[in-house]
Amino acid sequence: MPSFTPLRRSGFALPLMLACATLAAQGYPRTPSDYLRQMDSNGDGRISMAEYVAYMSQGFHRMDSNGDGILEASELPGGHGRPVTLTSWQANLRRQFHRLDRNHDGYLDARELAAPPG
């Protein structure tokens with residue numbers, strides 16, 4: 001599972017963790033290999049940044065009940081917090097991707113998905 005460290009500092013950790021927990025509770029992947037298969041939309045055995053951002057943005061879209069691209073306080077867990085835009089959410093995911101991409105090849109493999117934050 002990806003690291004939440006960069007998001008924790010920006011206030012995104014709780015919503016992202018809750019979104020991921022919701023996905024896991026619905027029978028979504030539980031191991032790094034399972035995540036890789038789920039995220040790997042083109043079947044090449046690795047995760048590009050675009051695939052990572054698209055997959056990890058699913059939680060945002062589920063919480064964005066009015067579909068306006070902004071998580072308002074009422075859409076956040078607990079019903080409070082600062083609004084979060086899809087753009088800023090995805091910018092955080094891109095930073096997270098770069099931290100996970102330990103070999104800097106522009107892709108994530110199952111080992112990188114399972115590694116602790118660097």
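Student: Which residues have the most contacts inside the largest nonpolar core, and what makes a set of residues a nonpolar core?

Tutor: The largest nonpolar core has 20 residues, and those with the most contacts inside it are Met-39, Ile-47, Tyr-52, Leu-71, Trp-89, Leu-108 and Leu-113. A nonpolar core is a set of buried Ala, Val, Leu, Ile, Met, Phe, Trp, Tyr and Cys residues joined through side-chain atoms within 4.5 Å, where buried means under 20% relative accessible area, exposed over 50%, and partly exposed in between (1.4 Å probe, protein chains only). The elements giving two or more residues to this core are α3, α4, α5 (58–63) and α6, and α6 gives the most, with five residues. Such helices (H or I, at least four residues), like strands (E, at least two), are DSSP runs numbered from the N terminus.

The model is predicted, so local features need pLDDT of at least 70 and side-chain atom pairs count only at pLDDT 80 or more, while totals for chains, interfaces and linings use all residues. Residues are numbered from 1 along each chain as its sequence is written, and side-chain values use heavy atoms, with hydrogens and water left out.

Student: How do you know where the buried residues of α3 fall, seen down its axis?

Tutor: In helix α3 (residues 32–39), Tyr-35, Leu-36 and Met-39 are buried. Seen down the axis of α3, these residues fall within an arc of 100 degrees, so they line one face of the helix; the arc is that of the directions from the helix axis to the C-beta atoms. What covers them includes β1 (47–48), α4 (49–56), β4 (107–108) and α7 (110–114).

Student: What does Ile-47 touch, not counting residues up to four places away in sequence?

Tutor: With contact meaning heavy atoms within 4.5 Å, and with that exclusion, the residues touched by Ile-47 include Leu-36, Met-39, Tyr-52, Phe-97, Leu-108 and Leu-113.
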